[in-house]
Amino acid sequence: MSWTEDQPMVSIKDVHKSFGDLEVLKGVSLDVKKGEVICIIGPSGSGKSTLIRCVNALNDIQQGSIRVEGQEVNDPDLNKLELRKKVGMVFQQYNLFPHKTAVQNVMMAPLRVLKQDKSAVEKKARALIKKVRLEGKEDAFPGELSGGQQQRVAIARSLAMNPDVMLFDEVTAALDPETVGEVLQTIKDLAEDGMTCILVTHEMGFAREVADHIYFTDRGVIVEHGPPASFFDEAKDPRTKEFLSQIL
Amino acid sequence: METFFEWFRVLYDDTGINLPFLYDSYDRGRMFDGFLMTIKLSLVCLFFSVIIGIIGAWLQGSSLKWTRRIINGYIQIFRNTPPLVQLYFFYFAIGSLLPKVQNDWGGQEPLLGSFAWAAISLSFFAGAFNVEIFRSGLEAVPESTVEAAEALGFNRLQVYTDITLPLAFRVCLPALNNNLVNLVKTTTLAYAIAVPEMLYEANQIWSDNVNVTEMMLFLLVAYFLLVGVLVWVMNSWERSMKIPGYGS
Amino acid sequence: MKHTSAQSILPVLLQGKGKALNGFDFSPKLWHGVILLAVCLLTSTISFAQSAPAKISVIDALFRWMPLLLQGFVFNLVISVFAMAIGTASGAALGLGQISPNVAIRKVCWFVTQFFRNSPWLVLLFFAMFLLPFEFSVFGLKIPLPDWLKATVGLSLPVMANVSEIVRGAVNSLPSGQWEAAESLAFSRRQTLWEIILPQCVKRMLPPWMNLYAILTMATVLASIVGVSEVMTLTGQALAAEGGRTDLLAPFYSFVLLIFFIYCYPIARWTVYLEQKFAVKG
């Protein structure tokens, strides 16, 4: 079965996930088309982060199906390397490698995992650092960078693998308020370049601006979803309304 | 040089301050041999204790319950009993169980001499500390950093060699250096089984010359300088390995 | 500003370190060590008891000498308690000297601390044994200084240096905000130290101090090398009295290892427990 570009790039169907007795995902389904930007919002503990970690096979699922470009993630024989070449991920805590400089962080995976040629990798890495607007910081260690700068290096590090989809797991939640904007700008640039993005976020204004589609999750299910305009202004479900009234 | 040494003979004649290990070439040789023996014993024990530490830390991560228990039992026994008694146990108790071998002159001699037993005993003693040091170093590498590497497609071995080990090593280094310094100090115990190290040779000299006060003060200064130089070298090494912003 | 950016990356590290501390699980239980030593003891006992039928059995020999050896061990404990008391009192003074506002006092105390910390325990023991007088006179009164007391003083020297470092480390580990807050409330330096800083430090100092006590207790056997009649010396004498039988060596040394283990292991467990408890509370 081959995947074509008109089919959803990421297709999630009836996914169930439990940690021990605690069921965090109780049948979640959603589709993401190529070039689409979707935002998943919802209260803490509603399973948003777990959902996108499942897309990258960092967590396994008990039931249901996740397909990335037609490849089933919920498969014991899954080639994780192939999946992770297609799916880039950025974490809340940046998780840069503290013993490597910014440019080395970006170069590491293409060199070690893809075994690409060093000079080409370095050239590309420097271009990516420039793209996330960190020129001049190439040789700084993560410890010498602000949170926002580290997070942009982390984005560049994921982009170095040439992913088809990018996952953003509350990437601005740990940042100082004054550096949130620069990271969001970087993501916006990416979205405008046509990158397929799945974001878990608490930045409602940003979600409204960049998302093509918003999903609201609560207690492991998708309560409501729709394009930003109708979602934010004409929410129907009482849980959505309550959440939006608290956060806006 | 000889005039420098002779000056101390004059010093002895004039003031009674007797430093035979300077003006007497025989005592000088003994003291120097003792110094070399201390260094040699320290290096041999350092080498084997690090090997024991690495293997022990690896075995402690074993999935077999009894492997872990035996390693933990080893650690607890060697950490909570006097190293001197351990040394006696090895040298006298186990040493007496081993077969005798014929030496070059047709006589019988123990399979292992006092140096070998001192090296074995002290390596196991220091090794017990190293297992804990290495293991806590490995545990100090955040799970999230490992996860970030996995998300970039690193396999287990690559995560270990590129991320976990370099970071764990830096975390271990201060404790490891501390243990090394302790090891050098602990080599004096080998005196008790007549390994001719610095303390033992100093004892020989003060027995022959009845100059305990001078030898005692010299020993204190000698160990102070030896350990002081070691601490200084280790601290410089730690500083050169330091990554900006990592560790505190 | 530099400070906050450093802190913003630290959570990742703190998380890891905290986990390491909490995960610092000495999963072996006391009985593991006891069993291992007992196995050691029994195997050697059985194998040799069979090979030497004419003499009294190893177990009988061990039981015959056990009361004496235990008495010797009590002597070790007496030495350890005295040395700890002397070392703690002098070490605390030295440690406070290390944080004195007076530069000269600070430098001298630092040097003394480093000097005794870098010296091997055994060398310091020799130092005290040979260089302390066997008696000294106060106001014409002759006070004898027996060997065991000299050994106690010798062992208290490294304890002093280590206590000094523990005090300095604990005081320096408190955030400087504590000093500033006290100063802004018009506390004097002395008041700040005694009423605000030190009470907070006691908790931090307790685990390393207990650890030091366990190390000291194990170091008391060094006194056997300089001729004090503690457990190791008595063990040697007992073995000699039994005619130097090699089959007794392993059981007797194992017994000495065992009594130290039984005494020191609970201290180690308790130290780890306190470390974890204080680490969680911060």
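Is A:Lys115 buried or exposed? A:Lys115 is exposed, with a relative accessible area of 58%, where exposed means over 50%, buried under 20% and partly exposed in between (1.4 Å probe, protein chains only).

This is a predicted model, in which local features need pLDDT of at least 70, side-chain atom pairs count only at pLDDT 80 or more, and totals for chains, interfaces and linings use all residues. Residues are numbered from 1 along each chain as its sequence is written, chains are lettered from A and ligands numbered from 1 in the order in which they are written, and side-chain values use heavy atoms, with hydrogens and water left out.

A:Lys115 is in the loop between α3 and α4 (118-131). Helices (H or I, at least four residues) and strands (E, at least two) are DSSP runs, numbered from the N terminus.

At the interface, 21 residues of chain B are in contact (heavy atoms within 4.5 Å) with 24 residues of chain A. About 1900 Å² is buried between the chains, 66% of it from carbon and sulfur atoms; this is the accessible area (1.4 Å probe) lost on putting the two parts together, summed over both. B:Ala151, B:Leu152 and B:Pro244 supply 31% of the area that chain B buries against chain A, more than any other three residues.

Two salt bridges (side-chain nitrogen of Lys or Arg within 4 Å of a carboxyl oxygen of Asp or Glu) link the chains. B:Asp162 forms a salt bridge with A:Arg112, with the closest N and O atoms 2.3 Å apart.
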